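Trainee: Could you go through this one with me before I start my notes? I'd like to begin with the ligand and then move on to the rest.

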Amino acid sequence: MRLEYPYRTERFGAVRINELQRVIEIDCGARTYDDQPGPSRVISREALQDIERELAIVVPCMNESRRVIEGVLSGIPHDCLIILVSNSDRSPVDRYDLEIGALEQFCRLADRPALAVHQRDPGLAASFKSAGMPELLDDAGLVHHGKGEAMLVGMALAAMTSRRYVGYIDSDNYVPGAVHEYCKVYAAGLAMTPSPYAMVRISWHSKPKVRDNKLFFSRRGRSSEVTNQFLNRLLAEYSGFGTDAVVTGNAGEHAISLELGMRMRMAGGFAVEPFHFVELFEQFGGVLPTRHAEVMGQGVEVWQVESRNPHFHDNKGDDHVTSMRTQALNVIYHSEICPPGLKEQIVEFLGDQSPPRERIYPAVGTLALDRLYDAITCESETFKQVVQRLPARVRTVTPLQRT
Ligand code: GDD
C-alpha cells in the first residue's frame with residue numbers, strides 16, 4: 001500500500017494526531033517498507049501480512065441483511081480473525097441463528113476461523129460481571145444495547161485470543177472491496193507505528209446518495225462535521241491555535257493496538273468513537289494525571305487515512321444522525337478537560353439543552369481475561385468458536401488498575 005506522507009502533526013501532550021493521509025495505491029507492488037520521509041510511504045505486502053496475522057476484526061451487527069453480511073465477511077483479509085458481535089432480534093425470527101449460519105458457511109468455504117457471540121446473552125453478561133465489569137450490565141442484568149458495548153465485548157474477545165490488534169468493520173457495508181481496503185489501511189497504519197500505542201481511523205472518501213435519479217458522492221458526513229469541529233475547538237483551547245487536525249471524530253471504521261485499547265475506557269452507543277479522542281486527551285494529554293507513564297514515554301500515534309472506496313452503507317435516517325451527533329457532544333461536554341467556554345458553545349449548539357452523560361466503561365485491560373474466557377465458554381449459550389484451525393490461545397494478563 002502507498003499512502004501520502006503526513007507532513008503536519010498536531011500534538012496534545014503525548015498524543016500525536018497526524019493530518020489526513022490519502023491512499024495513493026491500494027497495492028504498491030512488491031516494494032519493501034520504506035520509512036524514509038518523502039512524498040509517500042510504502043508499506044510492503046509482507047508488512048501488511050505480518051499485521052493481519054495479529055489483527056482481529058470485530059463486526060458489530062444488528063439486524064443487517066444476510067447478503068450484506070456475507071459481502072462484509074468476504075472482504076476481510078484471510079489472516080485476520082473475524083469476531084461477530086450481534087445484537088440482532090432473536091424472535092419472531094432468530095436472526096442471530098441466520099448470522100451464525102452465514103458465518104459458519106463462509107468459514108467452511110474460506111477455511112478460516114471466527115468467533116461470535118450475542119450481546120444480550122445472559123451468560124455473556126454473567127461472564128463480564130464475574131470478570132470485573134458489572135457496569136456493562138443494564139437493569140435486566142444483560143449487556144447494555146449499543147454499538148460501543150458491542151465493540152467493548154469484541155475487544156475483550158480479541159484480547160483473549162492473544163492477537164495484538166483489533167479493528168472494527170460495520171456489517172452494513174455494501175461494498176466488500178471497501179471493507180478490504182479499510183483492513184489494508186489498518187494494517188498499513190499499524191505497521192507504520194514505531195510505538196506500541198497506535199490507532200488508525202478511516203475517513204471515507206465519499207458517501208454515495210441518489211439525488212434526482214443520479215448518484216451523488218457526498219464528501220461531508222452530517223454527524224462527523226459537527227463532532228470534528230468541536231474536537232478541534234477543544235484542541236485549540238489548549239494550544240491557542242485554531243486547527244482542523246481532527247477529521248475522523250466519528251470514524252466507525254478504525255483499528256487500535258491492544259496495548260493502547262486495553263488502557264482506554266470506552267463509551268457506550270455511538271459516543272464510542274468521539275470518546276476515543278476525549279479519552280486520549282484525558283489520559284495522555286498531560287493535563288490530568290496519568291496512570292500510564294509508559295505510554296507517555298513512547299507516545300500515542302493517531303493516523304487518519306482517507307480511503308479510495310466510497311462508503312456505501314445502509315442509511316438509517318435523520319433522527320439517527322442527530323442522535324449520533326448529540327452523543328458525541330455529550331462526551332466532549334462532560335470531559336474533565338472541557339473548558340467552560342466550550343461547554344457553553346455545546347449547550348448553545350444543542351438548543352440550550354443540558355447534555356446527558358453517556359455511559360463510560362472501565363478499560364478492557366481491567367478485566368480478568370482468563371476468568372472471562374472460562375465463564376464465556378461455560379455459561380454463554382451463544383458463544384461460538386467456529387474452528388477450522390483456530391489456535392485456542394488464551395492470554396493470562398494481570399488486570400490493569402482502574403482509572
Ligand atoms: N452488536 C451491535 N449492537 N451492533 C450494532 C448496534 C448494537 O447495539 N447498533 C448498531 N450496530 C451495528 C450495525 O448493525 C452496523 O453494522 C454498525 O453497528 C453501525 O451502526 P449503524 O446504525 O449502521 O450506524 P451508521 O452507519 O449510521 O454509523 C456508522 O458510521 C458513523 C460514522 O459515519 C457507525 O459506525 C458510527 O459508529 C459512526 O460514528
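Mentor: Gladly, and keep in mind that this is a predicted model. A polar backbone atom of Val85 lies 2.9 Å from a nitrogen atom of the ligand.

Trainee: And which polar side-chain atoms lie by an oxygen atom of the ligand?

Mentor: Asn87 has a polar side-chain atom 3.1 Å from a ligand oxygen, and Lys147 has one at 2.8 Å from an oxygen atom of the ligand.

Trainee: How much of the ligand's accessible area does the protein cover?

Mentor: On its own the ligand has 730 Å² of accessible area, and the protein covers 94% of that.

Trainee: Which residues come nearest to the ligand?

Mentor: There are 24 residues around the ligand, and those that come nearest are Glu64, Asp170, Asn250, Lys316 and His320. As for the elements that supply the shell, strand E6 (55-61), strand E7 (81-86), H5 and helix H11 (318-333) each contribute at least two residues.

Trainee: Let's change topic to the nonpolar cores. Which residues have the most contacts inside the largest one?

Mentor: Leu280, Phe281 and Ile332 have the most contacts inside that core, which has 75 residues. H5 provides the largest share of this core, with 10 residues. Apart from it lies another core, of 45 residues, which includes Leu55, Leu103, Ala114 and Ile169.

Trainee: What is Phe281 in contact with, leaving aside its neighbours within four places in sequence?

Mentor: With those neighbours set aside, Phe281 is in contact with Phe12, Val15, Ile17, Leu234, Leu235, Gly286 and Ile337.

Trainee: What about Val278, is that one buried or exposed?

Mentor: Val278 counts as buried because its relative accessibility is 0%. Val278 lies in helix H9, which spans residues 272-284, and, not counting residues up to four places away in sequence, Val278 touches Leu231, Val331, Ile332 and Ser335.

Trainee: How far apart are Val278 and Ile169 in space?

Mentor: Their C-alpha atoms are 22 Å apart, while in sequence Val278 and Ile169 are 109 residues apart.

Trainee: Now the strands. How many residues of E10 are buried?

Mentor: Strand E10 (residues 198-203) is mostly covered, with six of its six residues buried. Ala198, Val200 and Ile202 point one way from E10, whereas Met199, Arg201 and Ser203 point the other way, and all are buried.

Trainee: Which strands does E10 pair with, and in what sense?

Mentor: With strand E15 (residues 300-306), E10 pairs in the parallel sense over six bridges, and Ile202 stands opposite Val305 in E15. With strand E13 (residues 254-257), E10 pairs in the antiparallel sense over three bridges, and there the bridge partner of Val200 is Ala255 in E13.

Notes
Residues are numbered from 1 along each chain as its sequence is written. This is a predicted model: local features need pLDDT of at least 70, side-chain atom pairs count only at pLDDT 80 or more; totals for chains, interfaces and linings use all residues. Side-chain values use heavy atoms; hydrogens and water are left out. Helices (H or I, at least four residues) and strands (E, at least two) are DSSP runs, numbered from the N terminus. Buried means under 20% relative accessible area, exposed over 50%, partly exposed in between (1.4 Å probe, protein chains only). Contact means heavy atoms within 4.5 Å. Two strands pair if DSSP finds at least two bridges between them. A nonpolar core is a set of buried Ala, Val, Leu, Ile, Met, Phe, Trp, Tyr and Cys residues joined through side-chain atoms within 4.5 Å. A residue is near a molecule or strand if one of its heavy atoms lies within 4 Å of it. A polar contact is a pair of N or O atoms within 3.5 Å; within protein, one must be able to donate a hydrogen and the other to accept it, and residues adjacent in sequence count only if both atoms are side-chain atoms. Accessible areas come from the Shrake-Rupley method with a 1.4 Å probe; for residues, only the protein chains shown count as cover.
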